Amino acid sequence: MSHNKTKKGKSLMKRYTILLLILMSAYSVAFAQTIFTGKITDGKGTPLSDITVMALSEKDTTSVIAYTFTESDGRYKLQFDSNESEIRLMVYGFNIKKISETVKNISATHNYKTEKESIELQEVVVKSGKIWQLGDTLNYSVDAFIGKNDISIGDVLRRMPGIQVDDNGHIYYQGKNISHLYINGMDALAGRYSIATNNLAAQMVATVQVMENHQGVKALKKLVIPDEAAINLKLKPEAAGTLNMEALLGVGADDNGMMWHEEAVITYFSKKRQHIATYKTANDGTDVSAELASCNNSGEAEQFTDIVRPTPPGIDKHNYYFNQSHAASINSVWKNDDDHETRLNIVYSNDHEHRNSYDKTTYLLPDGSNTVISEQLADAATENRAEGDFEYKINKEKLYLSETAGMTAHWNSGKGYTDNSEAPISQSLWTRNISMQNRLSMIIKKDDYKGVAVNSLVTYEEKPQALTVMPCMYDSIFGNGNYTGMRQDVKSRRFMTENSAEMLSAIKIGNFRISPKATLNYNHSGMESVLNTTGAASTRVTDFANDTYLSHLKTGITAMLDYYDGSLNAGINVPLMYEMLSLNQKIQQNSISRNDFNVSLTAYVRWKALSNLTISGHYTADHRYPSLSTLYGGYILTNYRQIASYEAYMPRMTWQAADIDIDFKDPFNMIFITLNASYSCRSQKVIYGETFNGILSHMYARTTSSRGEEFAVMLSAGKNISWKNISIKLTAQYSKGHMPVLRQEQITRYNSEAAVFTAGIKAEPFNFMSVDAGSSMFLSKGSTTDGYSMPAIRTTNNSLLLSLSMPMNISIDAGLNHYYNNLAISNKSFALLNLKINLSHKRVKYSLECNNLLNTHKYVYSYNIAMSEFYSEYNLRGRSVMLTARMNLF
């Protein structure tokens with residue numbers, strides 16, 4: 001009996017075991033990760049690199065499951081999770097025939113041989129693979145866009161539809177700043193990514209990847225979806241793991257003497273570390289230090305006093321920049337397999353610049369009359385800048401930690417000379433700025449949505465400055481005496497800390513998330529100043545001194561509500577803040593304070609209406625208070641013809657802004673369109689203005705209940721056509737607004753309108769020729785509600801660049817710029833003509849460049865701002881010649 005029970009128990013146990021194994025097997029099949037491997041070759045069996053291999057849903061072939069790229073040996077490895085029984089496997093790339101095959105959803109090896117392909121449509125040849133999209137990542141093939149004379153990756157980016165690059169190397173995608181620029185997925189440059197834009201050789205890059213709504217912090221990927229895009233530069237396999245050095249040697253001459261331009265760029269990129277080092281020096285009008293500025297710089301302390309300097313025009317800086325400049329940078333990043341990253345950036349620049357111009361400033365007064373200031377301006381300024389920052393970062397799915405320490409030092413000096421209707425004026429300025437900053441960010445998560453985020457920023461900054469003016473212009477203040485001049489000394493300092501702690505998705509109901517956040521911010525700024533006369537009868541005027549301090553405490557909680565369902569992302573933030581401000585003017589023996597509870601509002605919505613159409617909007621309502629720069633009671637000489645002092649008003653001003661963006665893109669047809677409309681208004685309790693007495697003026701503040709508004713709309717469109725490599729970019733902007741202006745103790749309402757139109761086209765009509773043509777027009781007008789108006793301004797700029805490829809690796813570039821200004825006193829229309837001859841021999845590219853062949857010496861421009869017209873004839877660099885040799889040393 002017992003034997004039978006034992007036998008029966010063993011049999012039952014065997015059945016349960018078999019059943020459990022069957023269930024485990026079924027579970028394993030259903031949830032196992034599929035791995036596809038293989039090799040992609042051409043018809044001759046040669047491995048192909050950077051070919052896209054993509055797994056698509058067989059049920060919905062527009063849904064991308066996973067993708068990868070082939071390595072230098074043509075091999076790929078694609079991993080993904082899917083419960084579908086069959087998968088659509090697709091292989092495609094630049095200038096090859098697309099391969100699409102339905103395969104079983106089981107790990108296997110799939111090798112493919114490709115064929116070359118071009119699609120011919122009514123005499124129009126469309127090469128496949130120029131642009132392709134994988135999920136939220138848009139890929140541009142660099143080889144498909146690169147021009148014959150393109151040197152840096154920035155040159156190629158300017159040719160890509162949907163992407164704009166300014167003269168300093170800052171990148172915009174569909175009109176918005178990019179948030180990051182990566183190289184092979186690593187960020188060695190942080191905010192100074194222009195170093196890569198201007199120096200990374202275009203031939204080293206295989207693909208430019210635009211990652212829309214990119215979230216660089218892995219712990220926030222499912223929580224915070226940014227409205228900005230990031231760019232990743234995917235290098236060619238041969239560029240990885242090799243040390244590369246490029247150099248530029250240049251010598252030339254112009255009317256001022258000998259010119260030079262030298263550069264050295266060393267780069268190294270591997271999977272674990274990246275290094276970029278640069279050194280540049282020039283006096284040919286090249287701003288070698290512009291690329292070192294951070295693209296997300298938060299600014300620096302207030303400049304209370306300054307020289308009246310010529311304002312540079314908005315044209316190519318090379319035409320008017322008289323400089324002797326040096327710039328150097330060292331940028332490195334190290335990364336290990338555990339997502340730990342260390343970054344070090346050190347930059348230094350020295351710049352000595354001369355400016356010279358004739359300026360005429362017309363101030364419209366409330367009674368319709370004008371105050372006109374005509375000045376012949378000249379100055380020489382030297383600026384030194386040293387910056388360094390160090391970051392240690394852990395970037396994981398459940399843990400994010402970033403610790404960044406930085407230090408900045410600026411020390412500048414300048415001398416200015418002004419000849420006006422009153423007297424020749426000599427100006428001398430000295431200033432120094434030293435700041436230290438530490439930023440800590442930490443996120444700890446329990447699951448995909450819940451966790452805690454802590455952020456802390458601490459900044460300390462000092463900025464002493466001194467302005468000397470000769471002769472003394474303000475006898476009405478100092479009285480008649482044996483004064484040789486005036487000296488304004490200012491020393492400002494600032495301590496600031498911003499701290500927050502947030503509970504991520506403290507409450508989650510379906511697609512709704514509520515994340516409470518606590519904030520504690522404190523800003524303490526101080527300023528000491530004294531205005532003295534100089535000379536035998538020098539005196540210290542204590543009535544014109546300041547010892548002023550402003551403290552601002554802001555603390556409270558924020559209720560943040562977010563909604564996300566894949567295509568719709570919306571959120572609203574409602575901060576409830578307690579703010580305490582305290583102002584102490586020690587010399588004036590005056591102190592005021594205020595305490596407020598403020599409720600603000602920030603809302604956003606982003607809707608992906610279609611796969612190629614996104615609509616987004618933002619709204620903000622906030623409160624603002626005056627800063628220390630408008631809260632001092634003693635006179636400060638802000639420049640040789642303006643002094644300022646303010647009543648201690650500390651009102652709470654309201655500010656509102658709203659905007660809407662409509663972004664459309666069709667990567668296959670290479671069409672990008674962006675429409676933006678924005679509106680802002682501010683309710684002012686205090687207005688700042690000036691009273692003129694001849695060329696001298698006094699800045700001051702008055703209470704008011706006025707309101708200012710502005711509306712703007714912009715439309716930009718880009719289209720590329722493979723036939724003749726045509727690229728078209730169009731932009732139209734219109735703005736209209738009204739604002740109160742305080743002048744001569746009267747408040748006047750000023751209405752303004754402005755419009756800007758730009759158009760550009762690039763094409764290669766023949767194999768040996770490329771054309772780059774552009775045109776822009778600026779229109780502006782303004783008037784007061786009393787019927788007085790400023791002159792209407794109309795300026796145009798037309799450009800043409802013709803490039804010809806000749807035998808024996810010779811090319812010729814000829815550029816013409818034509819300008820027109822309707823308010824110009826003389827030479828309303830003028831032109832600049834440049835010529836460049838290039839010769840490529842082995843690894844060296846020689847260039848002979850002749851600029852401003854017509855020897856045009858002045859650029860005339862004008863613009864209106866708030867009842868003020870600014871007119872300038874700015875001195876340009878005359879005819880010049882430069883011979884350069886650009887070489888790849890290793």
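## Ground rules

This is a predicted model, so to speak of local features we need pLDDT of at least 70, side-chain atom pairs count only at pLDDT 80 or more, and totals for chains, interfaces and linings use all residues. Residues are numbered from 1 along each chain as its sequence is written, and side-chain values use heavy atoms, with hydrogens and water left out.

## Confidence

The chain has a mean pLDDT (the predictor's confidence in each residue, from 0 to 100) of 88, with 92% of its residues at 70 or more. Over residues 1–10 the pLDDT is below 50, and this stretch has 0 contacts (heavy atoms within 4.5 Å) beyond near neighbours in sequence.

Residues 118–128 also stay under 50, yet the model gives them 17 contacts beyond four places in sequence. Among the chain's elements, strand E10 (residues 124–126) has the lowest mean pLDDT, 35, while strand E21 (residues 273–282) has the highest, 96. Strands here are DSSP runs of E, at least two residues, numbered from the N terminus.

## A three-stranded sheet

E13, E14 and E15 line up in that order as an open, antiparallel sheet of 3 strands. Strands E13 (163–165) and E15 (176–177) sit at the edges with a single partner strand each, so one side of each has no neighbour in the sheet.

Pairing takes at least two DSSP bridges between two strands, and E14 (residues 171–173) is joined to E15 by 2. Tyr173 stands opposite Lys176 in E15.

## Thr558

Thr558 belongs to strand E31 (residues 540–564). Its relative accessibility is 8%, so Thr558 counts as buried (under 20% relative accessible area, 1.4 Å probe, protein chains only; exposed is over 50%, partly exposed in between). Beyond four places in sequence, Thr558 has contacts with Ser515, Pro516, Lys517, Asn573, Val574, Pro575 and Met577.

How values were computed. Helices (H or I, at least four residues) and strands (E, at least two) are DSSP runs, numbered from the N terminus.
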